[in-house]
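Got a model open and wondering where the labels on it come from? Let's go through them one at a time.

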Amino acid sequence: KDELIGPAEFRRLAEQNLERAQAAYEALARKTKAALKPIEVAEKTLEAAAVYEAYEAMLRSNGLVDFADLVMKPVLLMRDDPEILGQLQSRHREILVDEYQDVNRASSTMLQLLWGESNRIWVVGDARQSIYRFRGASPLNMERFEQDFPGGERVPLEFNYRSTDHVTGL
């Protein structure tokens, strides 16, 4: 979900991965045991796909959403409905994101949609402080800022203002 991939698409990708791994193994003509590793990884990915499908079915049958749905569902809605996207873009002309290093790709996509190249966005982050990898956060988002937001500018802070005597009261 953090990559905006639903269970059916995840299964399709897992099956493709297994097919590629098996083809690569056949191409190596069973020369080495190391060739089996990609097949094992692909098989585990298919197991994960089955778990994902069961988990999503359980959520739906109980009328529930999880944390990832709170990002994924609005992103899919904005992608699928230009009218809603336009309303949200006109409503949120200024966007501020603190701790940008802890944003996952789905959240970054949401920000890109809301930004829409006509709004203003300001993000603050420090890749060295990324702590939410378990939730898909990646310092790569910091590196890709200028790509994700064309015309964006990265300005490093050379001085830590939070540690000055004026701020800390020392």
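Below are some questions about the labels, each with an answer.

This is a predicted model, where local features need pLDDT of at least 70, side-chain atom pairs count only at pLDDT 80 or more, and totals for chains, interfaces and linings use all residues. Residues are numbered from 1 along each chain as its sequence is written, and side-chain values use heavy atoms, with hydrogens and water left out.

Q: What makes up the fold, read along the sequence?
A: The pattern is α-α-α-α-β-α-β-α-α-α, so there are eight helices and two strands, counted as DSSP runs numbered from the N terminus (helices: H or I, at least four residues; strands: E, at least two).

Q: Why is α3 called roughly perpendicular to α4?
A: The axes of α3 (residues 69-80) and α4 (residues 82-91) come within 5 Å and cross at roughly 110 degrees. Roughly perpendicular means 65 to 115 degrees (under 35 is roughly parallel, over 145 roughly antiparallel, the rest oblique), so α3 gets that label against α4. The axes are lines fitted to C-alpha atoms, for helices over the stretch in contact, and the angles run from 0 to 180 degrees between N-to-C directions.

Q: Which residues of α3 and α4 meet?
A: Leu 77, Met 78 and Asp 80 in α3 meet Pro 82, Ile 84, Leu 85 and Leu 88 in α4, where contact means heavy atoms within 4.5 Å. By class, that gives six nonpolar, no polar and one charged residues. Here Ala, Val, Leu, Ile, Met, Phe, Trp, Tyr, Cys and Pro count as nonpolar, Asp, Glu, Lys and Arg as charged, and the others, Gly among them, as polar.

Q: What makes α4 roughly perpendicular to α5?
A: α4 and α5 (residues 105-115) pack at an angle of about 80 degrees, with their axes 8 Å apart. That angle is what makes α4 roughly perpendicular to α5. Leu 85, Leu 88 and Gln 89 in α4 meet Leu 113, Leu 114 and Trp 115 in α5, a contact with five nonpolar, one polar and no charged residues.

Q: Why does Leu 88 count as partly exposed?
A: Buried means under 20% relative accessible area, exposed over 50%, and partly exposed in between (1.4 Å probe, protein chains only). Leu 88 has 23% relative accessibility, so it counts as partly exposed. Not counting residues up to four places away in sequence, Leu 88 touches Met 78 and Leu 114. Met 78 is ten residues from Leu 88 in sequence and 8.6 Å away in space, C-alpha to C-alpha.

Q: How do you know that Glu 56 is buried or exposed?
A: The relative accessible area of Glu 56 is 9%, so this residue is buried. Glu 56 sits in α2 (residues 36-61), and its side chain makes a polar contact with the side chain of Lys 1 at 2.4 Å. A polar contact is a pair of N or O atoms within 3.5 Å; within protein, one must be able to donate a hydrogen and the other to accept it, and residues adjacent in sequence count only if both atoms are side-chain atoms.

Q: What puts Asn 141 in its burial class?
A: Asn 141 has 0% relative accessibility, so it counts as buried. Asn 141 is found in α6 (residues 140-143), and a polar atom of its side chain lies 2.4 Å from the backbone oxygen of Val 103.
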